[in-house]
Amino acid sequence: MGFGLVSILNAVFRRAFTSAGLRPSSAAVDADTTLHFWASPSLLTPSSDSKSNSKNGSNSKQRRPVVVLIHGFGPDPTWQWASQVGPLSRHFDIVVPTLLFFGASTTSAPDRSDAFQAANIAALLAGVGGGEEGPREVHVVGTSYGGLVAYHLARALHEGGGCWRVGKVALCSSDLAKGPEDDRVLAAKGGVAEVTELMVPADTKALRRLMAICATGPPKYLPECLARELLQKFFAAQREGKIQLIKGIATGHGFQIAPLPQEVLIVWGEFDQIFPVEKAHKVKEKLGEKVTLKIIPNTGHLPQQEDSKLFNQILINFLLPSPPIAASAK
């Protein structure tokens, strides 16, 4: 029977986060908005002892670079980043926010744009982990819709200054250049009239269509009871809000993508059916000269899950500092 399996899987993925040292928390970023997030302990409210150690320079772990992981549409961020938090936690402190209209993150503000999502994450970061020793380095990573948010977050943090300095940016399967025609093509591919019907399924038939085009190897058999449980837990709640998020994507309303000053990594699945791989090259062109593009073979829209080993290797090698080059013998 499928009943309860989603809850079991949810516990497994949450365990991956806690095993990586992450802890769940929430913060009111303003009077209208509350964000749920997972974070390394150094980014949560420190004890008086840790504050004292920080002032004495003895708590070097608090000053590790930070990686922000931003999820896309679908299940909770624990499901989407479970394979990444462990390997990343060996080198970085981590923040994984839950975007508005997903999970326990809520807002009464009317804005539904990806830029608004980014502004709230920036406000969240302003309240954690900046420290008293100058700006702290933060790398921004996003997948799919989360990549759009990551782009805006990198710009917001760079322009806003403050206690964070943007190091590098990684965008996975994220079409920053998407427009209305791309939505029409995707809707037709999914056999629906509107792209929102595919990305925010209202029934198990639409959910199966979405799963079929997300990965190169979707499950061959999904019991109806399990499909209903997935639908109820991850898509039914705040469904109208999720639909408005898709309609509010800034890039679909004439927003012009400008190059980022940071080094940028673009990772794409070779057989992505949501955003075809040729869009990766178009995004690379728009983001300027500091861009590296990596195509992961035999994967679809979820390369961080379909080939997590290769994805993690590419991402960590990009984020870690390059080893110093030895001076040439004269």
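Predicted model: local features only at pLDDT ≥ 70, side-chain atom pairs only at ≥ 80, totals over all residues.

Colleague: Okay, why is His36 called buried?

Modeller: Buried means under 20% relative accessible area. His36 comes out at 19%, so it counts as buried.

Colleague: Which residues does His36 touch?

Modeller: Leaving out residues up to four places away in sequence, His36 touches Pro24, Ser25, Ser26, Pro97, Thr98, Ala104 and Ser105.

Colleague: Now helix H7, residues 180–190. Which of its residues are buried?

Modeller: Those are Asp183, Leu186, Ala187 and Gly190.

Colleague: How do you know that the buried residues of H7 line one face of the helix?

Modeller: Look down the axis of H7: its buried residues fall within an arc of 100 degrees, so they line one face. In general, an α-helix has 3.6 residues a turn, so residues three or four places apart point the same way. On H7, the face turned away from the buried side carries the exposed residues Arg184 and Ala188. The buried residues of H7 pack against helix H8 (195–199) and H9.

Colleague: And the largest pocket, what makes up its lining?

Modeller: The lining has 21 nonpolar residues, eleven polar and no charged. Among the 32 lining residues, Pro75, Trp79, Met211, Leu302 and Gln305 lie nearest the centre of the pocket. Elements giving two or more residues to that lining include helix H1 (5–19) and helix H9 (204–214).

Colleague: How much space lies in the largest pocket?

Modeller: About 800 Å³.

Note on methods. Residues numbered from 1 in each chain as written. Heavy atoms only, no water. 1 Å grid on protein atoms, 1.4 Å probe; cavity = no way out; pocket = protein on both sides within 12 Å on 5 of 7 lines; lining within 4 Å. Points joined across faces, edges and corners; volume = space filled by probe spheres on them. Helix = DSSP H or I, 4+ residues; strand = E, 2+ residues; numbered from the N terminus. Nonpolar A, V, L, I, M, F, W, Y, C, P; charged D, E, K, R; others polar. Buried < 20%, exposed > 50% of the residue type's maximum accessible area, 1.4 Å probe, protein only. Arc of directions from axis to C-beta. Contact = heavy atoms within 4.5 Å.
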